[in-house]
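Hi,

Here is the structure we talked about. My notes on it follow below.

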Amino acid sequence: MAAPMLRWVGRGRRWTFARVDGGSCHRRGAPTGSTSNRIREQSSVAQQPLYTTQKPRKGEHKWAAVVGLEIHAQISSNSKLFSGSQVRFSAPPNSLVSFFDASLPGTLPVLNRRCVEAAVMTGLALNCHINKKSLFDRKHYFYADLPAGYQITQQRLPIAVNGSLTYGVCAGKKQSQVIPKTVRIKQIQLEQDSGKSLHDDLRSQTLIDLNRAGVGLLEVVLEPDLSCGEEAAAAVRELQLILQALGTSQANMAEGQLRVDANISVHHPGEPLGVRTEVKNLNSIRFLAKAIDYEIQRQIDELENGGEILNETRSFHHQLGYTMSMRDKEGKQDYRFMPEPNLPPLVLYDATSLPAGADPQQVINIDQIRETLPELPSVTRERLVQQYGMLLEHSFTLLNEVGLLEFFQNVIKETRAEPKKVTSWVLNTFLGYLKQQNLAVSESPVTPSALAELLDLLDSRAISSAAAKQVMDLKEGNPRAINKLIGLVRKATQSRADPAMIKEILEKLSS
Amino acid sequence: MRTMLGRTLREVSAALKQGQITPTELCQKCLSLIKKTKFLNAYITVSEEVALKQAEESEKRYKNGQSLGDLDGIPVAVKDNFSTSGIETTCASNMLKGYIPPYNATVVQKLLDQGALLMGKTNLDEFAMGSGSTDGVFGPVKNPWSYSKQYREKRKQNPHSKNEDSDWLITGGSSGGSAAAVSAFTCYAALGSDTGGSTRNPAAHCGLVGFKPSYGLVSRHGLIPLVNSMDVPGILTRCVDDAAIVLGALAGPDPKDSTTVHDPINKPFMLPSLADVSKLCIGIPKEYLVPELSSEVQSLWSKAADLFESEGAKVLEVSLPHTSYSIVCYHVLCTSEVASNMARFDGLQYGHRCDIDVSTEAMYAATRREGFNDVVRGRILSGNFFLLKENYENYFVKAQKVRRLIANDFVNAFNSGVDVLLTPTTLSEAVPYLEFIKEDNRTRSAQDDIFTQAVNMAGLPAVSIPVALSNQGLPIGLQFIGRAFCDQQLLTVAKWFEKQVQFPVIQLQELMDDCSAVLENEKLASVSLKQ
């Protein structure tokens, strides 16, 4: 991700994400220091007032936006939804294509058990009703990377319906509080991914890569319960965390494992919903928020100026930050849905309906899958709050940053320091340092053990807080920091510590 | 003794086991006859090299006493809508001319695994859409009975008969090439496909046993689909026992076809010889007595019923009240699936591609216009119309409901105690080509499928058995329909009936004699094969 996620004020200043040391309650009051965006991708939109015209006039009523999402998550599975082909990102083009994937005549789909289990698991985690019987349909359209001329999906009777997703958005004067919100989930359906088209304008030809064709997708359809880009971004981020916790999708947006289409309309509250547009293929959470907010504002402006909203598909130009009509050549598509005749109904069982003596390899037991559900992010957060006395918003940050929770837990395991101190150090000093260096947690030169040792030293008052922070400064590339640190340590130990030993420890810590 | 070529599969299998003939000799005889009967247009591709190589391997197995079973060394033919690895598979369409599949259909693989020799790929109506085997890009198939002694003698007696050469008969279809291939003794069994009667109809016209197994008993993997929910690989043989042998080799679940059933089926399909039929109940569906039915077929049908009754079976009139809706229902369901199944033929990955490259859409359109004939294009157009959002409920969904009613008719009939239904297979015997093409494909298909098509809607097993020759000296078949997955019971009844009627063997003396003469001299035979 290219843009800065968190504000960093000046070199050498402390990162003041949220103050956690001390016992004061931060739920009501604003923390000192700069902004805190728990869901980092939404920083650009969180603070701007939305959905009023540029110059609100007297007596004018406000606009409300209605946003619904369709999210495609690639199922984490060794093989494709209906064929034995391997699933692998960035393999040589057309190297992972079975006869079925290439739609050779006479080939038939064979449903991948793993994909069904992933769908059931995801449905359960999202509080869905799991349909014991679901059906597959063909959705027809001609496109070069859809070799069969149709996609197998679940239009009539999907595998899971009527769920909900609870996510948190930031609120309060300084966006420091997390307000829980819920979006309803209409359905989760299993479907095939398409291949990829690469347009070579120079030679005016299109190259087709079918490696992705037939990969299993979970299409998660959210009800239009969202009202802005920030909410959409937070909901998608939460879904991403859930999928990752379940292991049902790697949900890496940069690799296209999670793709979002947004349906957007605006209306005056109390009046019928407006005409909606669909913004397609949003492939980062930040762009998702930006695109939605841009589109909402565009629709408001259009209507304010006496214009009209067309029911159309739009794409988001992420460099220029606006949406534009995709101008479907064929006009309104009629997908000519039809039952997939080559797949019998997908029947699932639970403990009560499981036929006696059924071969476990031949049946899927919903109850059995429920028992294997891992801890979900909301429960993890609650546990963090309970166990370490941290604020809810801190638990959000710990989960949102990839690898940060694990780092935190490893530090906790190895240090004597108070959990609250660890939280503060991990979220403020350590994370701030990473942000400044534009590093991921996995790229951090500071290991959890090193930080734990540092915190132990701090805890035993062997070094001061200032000295400890100098250790972090050392990482910023200041070679003089080590001498300064040695001085600080000597001072702190009233010159009783051996400078050579101090240096050795410091170097070990900073290596 | 009849010549080797005139024998049934079971007989020639015994001859192979006893060493009376080797697989290579048998293969060469068949290849020679294929060449001699080329004018029938039964084969699109003759896989001579493949067959000879398979024969050589079979011969080794026989020498080592490691025969793979009844089908080892037996020449068979396969309709050209089954995928054959390394052998062109065209569906008799420009769209797939030159298409060489990289894999074998499961049924083809099973035949090869049993040691059968693949003689070639047989002609059909384009994408199996038709009932005459007249509408393929390789031209119509001629019925071997056109050249039979039985038919020719009758024609001599008829003062109105015209020029013989232009008066040849159609085989029926769409598996007409397979029927002609077996009927002309070029192989001992052939695979057809059966979506609305495409195996049973040409079997009836060519004096063969044409068997359509229960839907789900035999894998469709590799069969290029017409209507997935009705297609079944069909079997064409000279007698019921032969059909049972082939069924035994083909039946069973296939992990590559999710619609095959896993319940264990009795294998192999050894058919007991029924001593008596007194415990049987034969149903005669009254709705099948239609005005268009020829008096000869009608008379044979009632004679067959009488035969069962005289041998102690119970013969009941039953009602299949929704039969008359079958044709229109089939039209909607068939064309809808066709529209969907044909969507993949876009010229991008395999098959025909036009020269137009101004845009992908233009390329699709021109490719499909050039690749498909009018019949296929017409069905695609109708099917897409029925699947449009605004029409789906009124056509497709209604047709599905009617399909259920038709299937329930059969269930009710069987629940009333009937074991097997007895019906005509076709309205009349085979007609001359020139007469057949007076009507368009759609009209013909609608007429010719009326006794066979409802069975596909219900997924039931059915078999056409040749009964007798008409006044013109042409074969007439009757159809038996069984309960779902009671294929063995159905064939057992059919076998008893076959034994009673003693249908005459086709007399292709001129062809056979010439061929035998050629084959008597081994050197001559090998010379002719190299041509």
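The largest nonpolar core holds 167 residues in this predicted model. Six of its members touch the most others: Met119(B), Phe127(B), Phe308(B), Phe410(B), Leu422(B) and Phe480(B). Take Phe308(B). Leaving out residues up to four places away in sequence, Phe308(B) touches Val277(B), Leu280(B), Ile282(B), Ala313(B), Val315(B), Leu422(B), Phe480(B), Val493(B), Trp496(B) and Phe497(B).

Asn441(B) sits in helix α15, residues 441-448 of chain B. Its relative accessible area is 12%, so Asn441(B) counts as buried, the cut-off being under 20%. The side chain of Asn441(B) makes a polar contact with the side chain of Asp135(B), at 2.7 Å. Beyond four places in sequence, Asn441(B) is in contact with Asp135(B), Met129(B), Gly130(B), Val375(B) and Arg379(B).

Now the sheet in chain A. Nine strands make up an open sheet with mixed pairing. The order is β2-β6-β7-β10-β1-β11-β12-β13-β14. At the edges are β2 (129-130) and β14 (322-325), each pairing on one side only. Strands β11 (258-267) and β12 (277-282) of chain A run antiparallel, joined by four bridges. Asn263(A) has Glu278(A) in β12(A) as its bridge partner.

Two helices of chain A pack on this sheet. Helix α2 (113-125) touches β2, β6, β7 and β10, and its direction makes about 155° with that of β7(A). Helix α4 (285-304) touches β1, β11, β12, β13 and β14, and its direction makes about 25° with that of β11(A).

Best wishes

Terms used. Residues are numbered from 1 along each chain as its sequence is written. Chains are lettered from A and ligands numbered from 1 in the order in which they are written. This is a predicted model: local features need pLDDT of at least 70, side-chain atom pairs count only at pLDDT 80 or more; totals for chains, interfaces and linings use all residues. Side-chain values use heavy atoms; hydrogens and water are left out. A nonpolar core is a set of buried Ala, Val, Leu, Ile, Met, Phe, Trp, Tyr and Cys residues joined through side-chain atoms within 4.5 Å. Buried means under 20% relative accessible area, exposed over 50%, partly exposed in between (1.4 Å probe, protein chains only). Contact means heavy atoms within 4.5 Å. A polar contact is a pair of N or O atoms within 3.5 Å; within protein, one must be able to donate a hydrogen and the other to accept it, and residues adjacent in sequence count only if both atoms are side-chain atoms. Two strands pair if DSSP finds at least two bridges between them. Axes are lines fitted to C-alpha atoms, for helices over the stretch in contact, and angles run from 0 to 180 degrees between N-to-C directions.
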